[in-house]
Amino acid sequence: MTVPALPCIAIAGPTASGKTAAALALAAALALRGQGCEIVSVDSALVYRGMDIGTAKPSAAELARVPHHLIDILDPLHSYSAAEFVRDATRLITAIRQRHAVPLLVGGTMLYFKALMDGLDDMPAADPATRARLDAEAAEHGWPAMHARLAAVDPATAARLAPNDSQRIQRALEVWATTGQPLSHFHQAKTRAASANPISAGAFFSLEPENRAWLHERIARRFDAMLEGGFLSEVQQLRARGDLHPDLPSMRCVGYRQAWEALDLAAASGLPSDQPDLPGLREKGIAATRQLAKRQITWLRSMPQRQTIACDAPEAEQQLVQAALACLPPARG
């Protein structure tokens, strides 16, 4: 008798929507059925070592409850691409299934999800001369003005980028300048066989709030908890290494960018930096996190295969667990 293949289940959602708690609740429910699972992180910030507080990385106790992958795999000096994620996640999904466990993809980096499900088009190579010209223009006019320029030629990409996201705005304008095509053209879904998408049909779940104010309140509470938990000290330790700088992908993560800028301002103004917060940091950090959540929700709405669960509903975790368990083959016994 052929044993049905175990599904690969995905839990996506904006930051602070409760993905970690939902994933652990699902893992506990699977364990009660005698079924193991392993979590593959789909998060471009959790890959970095030494960035724990500001990324809301699962605690040591949470990591011990279920095997986790793609967390703490990289030094902040390095970068991690969507193509590398697809390679690693595909390998892990195969290995987890071979261990007769359920692969559970959990995270909020929507580009990673899209790349895994739809594939990656060939992106044009970097052009140093074009980048240098764009940097010079940005120094003169500012990145919000460059963002407005991007909106005129590639509105789809501009809509998901913050006006001060210099790294991604520069890349999008570089692609336009060198190819005459918008970056969104290269992010369009490729035609692939259905079997190429490792996430099982009907098993892509998205935690999204019906009331955006609920998510904003959670974002504010979590950022306050980060500050109280020593987030600023964590960023100071990263700065003290001497080999990191604010243009690295790791240091451009939401929260870290704002903390780095706040520490720069404190140093320039002679303010003490040995305090949980600095003037303006809380407000800027919360605002940037809200903008991130808005972009994540925009990404999710472009993914028609997702099954949406209202994360602000009291029974959200229970709904997700029941829907995910329905994807499993019937228990033998």
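Lysine 19 touches Ile11, Ala12, Gly13, Pro14, Val106, Gly107, Gly108 and Leu207, leaving out residues up to four places away in sequence; contact here means heavy atoms within 4.5 Å. The structure is a predicted model, in which local features need pLDDT of at least 70 and side-chain atom pairs count only at pLDDT 80 or more, while totals for chains, interfaces and linings use all residues. Residues are numbered from 1 along each chain as its sequence is written, and side-chain values use heavy atoms, with hydrogens and water left out.

Lysine 19 is found in helix α1, residues 19–32 (helices are DSSP runs of H or I with at least four residues, numbered from the N terminus). With a relative accessible area of 12%, lysine 19 is buried (buried means under 20% relative accessible area, exposed over 50%, and partly exposed in between, using a 1.4 Å probe and protein chains only). A polar atom of its side chain lies 2.9 Å from the backbone oxygen of proline 14.

Threonine 20 also lies in helix α1. At 31% relative accessibility, threonine 20 counts as partly exposed. Beyond its neighbours within four places in sequence, threonine 20 is in contact with Pro58 and Glu62.

Attention now turns to another helix. Arginine 257 lies in helix α12, which covers residues 256–269. This arginine 257 is buried because its relative accessibility is 15%. Not counting residues up to four places away in sequence, arginine 257 touches Asn164, Asp165, Met251 and Arg252.

Terms used
Helix = DSSP H or I, 4+ residues; strand = E, 2+ residues; numbered from the N terminus. Polar contact = N/O pair within 3.5 Å; in protein donor to acceptor, adjacent residues only side chain to side chain.
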